[in-house]
Amino acid sequence: METSNQKALSTVKDTSRRDSLKDTALGMVSTLSFPAIVGTADMMLKSAGVHLVGYEKIGGGHCTAIVRGGIADVRLAVEAGIQTAEQFGQLVSSLVIPRPYPNLEIVLPITSKLSKIMEDGNYSRLSNQAVGLVETRGFPAMVGACDAMLKSADVHLAAYEKIGAGLCTAIIRGSVANVAVAVEAGMYEAERIGELNAVMVIPRPLDELEQTLPLASCWIEQRQPINLPINIKEQVAEIERLQLPDLAQLPVKVLEE
């Protein structure tokens with residue numbers, strides 16, 4: 001019975017999700033760098049009322065940011081994403097599809113994953129901190145950059161990302177000033193060891209952007225439920241009754257005048 005109820009509830013949720021996406025558009029911008037695609041996604045979110053579905057990495061350094069929203073919002077967001085990617089010199093291609101066919105949504109990863117992430121009940125100790133990304137070509141250069149960044153400022157190594165073609169990205173979190181100092185130190189160390197490909201500093205990432213960034217398991221904490229007592233009726237200890245003396249039987253002392 002419980003399994004059938006869960007399936008029915010899941011079907012209702014899927015149906016409502018498809019209905020909410022019925023008149024929306026699909027927007028994609030592709031780059032050749034993970035820091036570039038994160039910076040592009042950040043600008044897309046801040047330029048229009050769209051939702052970031054996530055990133056699709058197909059190897060060779062190709063990364064695609066996928067957004068959903070109203071048709072006008074998606075067009076505006078993709079335009080901002082194109083301009084940002086061109087500033088980095090990393091733009092590969094872009095696409096806007098108004099009202100994508102339902103079969104695309106079933107097969108391809110182009111629907112919202114945010115609700116699934118939020119249902120997990122996990123949160124990170126690194127939330128609401130600036131993001132720094134340093135991408136190198138070669139793993140030793142990235143490890144050396146991580147070591148230099150951690151030693152140069154008060155930052156935390158959140159995770160690292162591999163996108164093919166030998167490209168590795170270290171992701172750090174901390175205050176804006178510390179992240180900026182750390183990224184600069186990481187750049188110099190990466191160039192000394194190997195090849196530096198791209199860098200990015202995002203001072204105030206939005207919640208949706210944070211949900212799509214990789215995060216090491218050591219920083220994820222499970223929300224602990226509040227433990228309530230099963231039996232809230234506690235036994236009350238019996239209070240010993242004290243019998244007061246009868247005032248009529250007490251001797252009365254008369255004071256002589």
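Is lysine 57 buried, exposed or partly exposed, and what is its relative accessibility? At 34% relative accessibility, lysine 57 counts as partly exposed (buried means under 20% relative accessible area, exposed over 50%, partly exposed in between, with a 1.4 Å probe and protein chains only). This is a predicted model, in which local features need pLDDT of at least 70 and side-chain atom pairs count only at pLDDT 80 or more, while totals for chains, interfaces and linings use all residues. Residues are numbered from 1 along each chain as its sequence is written, and side-chain values use heavy atoms, with hydrogens and water left out.

**Salt bridges**

- The structure holds six salt bridges (a side-chain nitrogen of Lys or Arg within 4 Å of a carboxyl oxygen of Asp or Glu).
- One of them joins lysine 57 to glutamate 161, with the closest N and O atoms 3.1 Å apart.
- Glutamate 161 lies in strand S7 (residues 156–162) and lysine 57 in strand S2 (residues 50–59), so the pair ties together parts 104 residues apart in sequence (strands are DSSP runs of E, at least two residues, and helices runs of H or I, at least four, numbered from the N terminus).
- Glutamate 161 is buried, at a relative accessible area of 12%.

**Threonine 64**

- Threonine 64 belongs to strand S3 (residues 62–69) and is buried, with a relative accessible area of 16%.
- Its side chain makes a polar contact with the side chain of serine 30 (3.4 Å).
- A polar contact is a pair of N or O atoms within 3.5 Å; within protein, one must be able to donate a hydrogen and the other to accept it, and residues adjacent in sequence count only if both atoms are side-chain atoms.

**Helix H2**

- In H2, 11 of the 14 residues are buried, among them Phe34 and Leu45.
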